[in-house]
Amino acid sequence: MRPLRLVSNMKSTLNSSPAWLALIHHHRDMQSKHMMTLFDKNPNRFNDFTLEFEGILLDYSKNIITDKTLKLLIKLVKQQGVEQFRDAMFAGERINNTENRAVLHTALRNRSKSPVYVDNQDIMPAVHAELEKMRIFTDKVRSGEWKGLSGKAITDIVNIGIGGSDLGPQTVCCALAPYASNLDVHFVSNVDGMHIENCLKKLNPETTLFIVASKTFTTQETITNAETAKRWFLGHENVIESDVAKHFVAVSTNDKEVSKFGIDLDNMFEFWDWVGGRYSLWSTIGISIALYVGMDRFIELLEGAEAMDKHFQEAPLEENMPVILAMIGVWYGNFFGAESSAILPYDHHLQFLPAYLEQADMESNGKSVDRDGKETTYSTGKVIWGTEGINGQHAFYQLLHQGTRLIPTDFIASIRSHSKLSNHSNILASNFIAQTEALMRGRNMKETRLQLRNAGVELKEIEAHLPHMTFRGNQPSNSIVLDSLTPRSLGSLLALYEHKIFVQGAIWNLNSYDQWGVELGKKLARNILDELESDKSLYEHDNSTDGLLNWFLDRRNKDKE
């Protein structure tokens, strides 16, 4: 792989490369095209621009693209060496060049016996050993064999983490709620005391198991919440320090700090530095998932992700779901100037998916320096946002339909719902399909005038309403349709987006697996915490920061009077 070179005074030349320039030229021809015209010219457009994989349909026909667009985008993929970079990742090469680490979340779902090497050592025996340890532990808890301090079985699981240690497991647990059995699962991440206070109010210390998920076991927010949970636990009658071992387990690599906390090291689950936080749900970080739905379902989740891994590795670029999804995003972000993209799941169990993908995408590709230390001269990661589709229709879809920005969207739905209320499912599906059509079609003057005339509106009033009721449409969207939301299909869906993010990072020559941008804020927060706790200024700040700090200190001192 290319070594890291700190030459930040230099700039990337990607946007002057042959494949890039060809796309700029092609964009000039495409920017005024309307999708409705493209459908008129090609009655088989749906068939030509859809892909199917294991019960997952990707319909990308409602995009401002042609066969030529795709050919030019694939040329960019080949020019940037995406296939070779992909192979290097799966082979365990240290593609995270700023931290000198391999990137092998894919090895966590390698269900075959084939070895995966890091520094000439097969890591798969360690991966399988941790999975087996997870199975033994989760089976004990779920069966009631694991007893709390008073001999009662566990009823509630509390996952204490932040970032990937929270968003990944929470997203999956919510998505797979129909498969849950006798345990309730709760997630605490925010260091705002109200989060953990509100959670603890619902719990019985005799039947609650806490999972402290922190690779270093020093993450400020996670350890603060864990210490609060421990104080709450020990504050109950007849609870002693040794009882912590029955009610707290850890997912970490820091056995010293885990032991110091009071957790039995037999109940510390390990993962490795080649597992990035936002890609860690496939590891022992997913123990809350396995407790909630069972280890067999967790394995099905891994198998679904592995299936998408193989598709990503083996499918031709033109038929490769992650590649197509990624390059459509590059097309809009780099050539149409789109600044954001919306994730709109029409499935209540996928309500946390947008938040999960916000971190996965923006923390990965929110970079302005490439792998070689050069300043990027082109747009990289877009703003990712969204919510449940039906709720969004009554919130922000107005901007999607008639706003001034191009916002590509991913609509996600399941054909078979876990709900038995078929009328609800039909309404949901009809809105899912109709919104993509409306975004594409828009509504012209002629259609609007006829609609108002048929409604009996007077001519004068019709002409006054027309400008407000017409819109161009031509807003692009992808539709991702699952046969049903199962552990396996969810695994494939999440892996699809992981690989999409990888491809885009490779196109932009980014290191998608570090996140140095969050470090400065953490460092400054530690300084300001010292000042808040000592009730005085200790460090030099700008005028605004000094003003805010003193405002906090002054108001708190008045509260004490």
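Contact is taken here to mean heavy atoms within 4.5 Å, while helices (H or I, at least four residues) and strands (E, at least two) are DSSP runs, numbered from the N terminus. The model is a predicted one, in which local features need pLDDT of at least 70 and side-chain atom pairs count only at pLDDT 80 or more, whereas totals for chains, interfaces and linings use all residues. Residues are numbered from 1 along each chain as its sequence is written, and side-chain values use heavy atoms, with hydrogens and water left out.

In the contact of helix H13 with helix H21, Arg297, Glu300, Leu301 and Phe312 are among the residues of H13 that take part, and they meet a set in H21 that includes Pro487, Leu490, Ala495 and Val503. The residues of this contact divide into 11 nonpolar, four polar and five charged, where Ala, Val, Leu, Ile, Met, Phe, Trp, Tyr, Cys and Pro count as nonpolar, Asp, Glu, Lys and Arg as charged, and the others, Gly among them, as polar. The axes of H13 (residues 295–314) and H21 (residues 487–507) come within 7 Å and cross at roughly 40 degrees; such axes are lines fitted to C-alpha atoms, for helices over the stretch in contact, and angles run from 0 to 180 degrees between N-to-C directions. The two helices H13 and H21 are therefore oblique to each other, given that angles under 35 degrees count as roughly parallel, over 145 as roughly antiparallel, 65 to 115 as roughly perpendicular and the rest as oblique.

Turning to the strands, two of them pair if DSSP finds at least two bridges between them. Strand S13 (residues 477–484) pairs with strand S2 (residues 56–59) in the antiparallel sense over four bridges, with leucine 58 opposite isoleucine 480. With strand S12 (residues 409–416), S13 pairs in the parallel sense over seven bridges, and the bridge partner of threonine 409 is serine 477 in S13. Six of the eight residues of S13 are buried, that is, under 20% relative accessible area, with exposed meaning over 50% and partly exposed in between (1.4 Å probe, protein chains only).

The loop between helix H20 (459–469) and S13 holds asparagine 474, whose phi is near 60 degrees, a positive value in a residue other than glycine. Asparagine 474 is buried, with a relative accessible area of 3%.

A further group of five strands forms an open sheet with parallel pairing, in the order S6-S5-S7-S8-S9. Strand S6 (184–188) and strand S9 (268–269) stand at its edges with a single partner strand each, so one side of each is left without a neighbour in the sheet.
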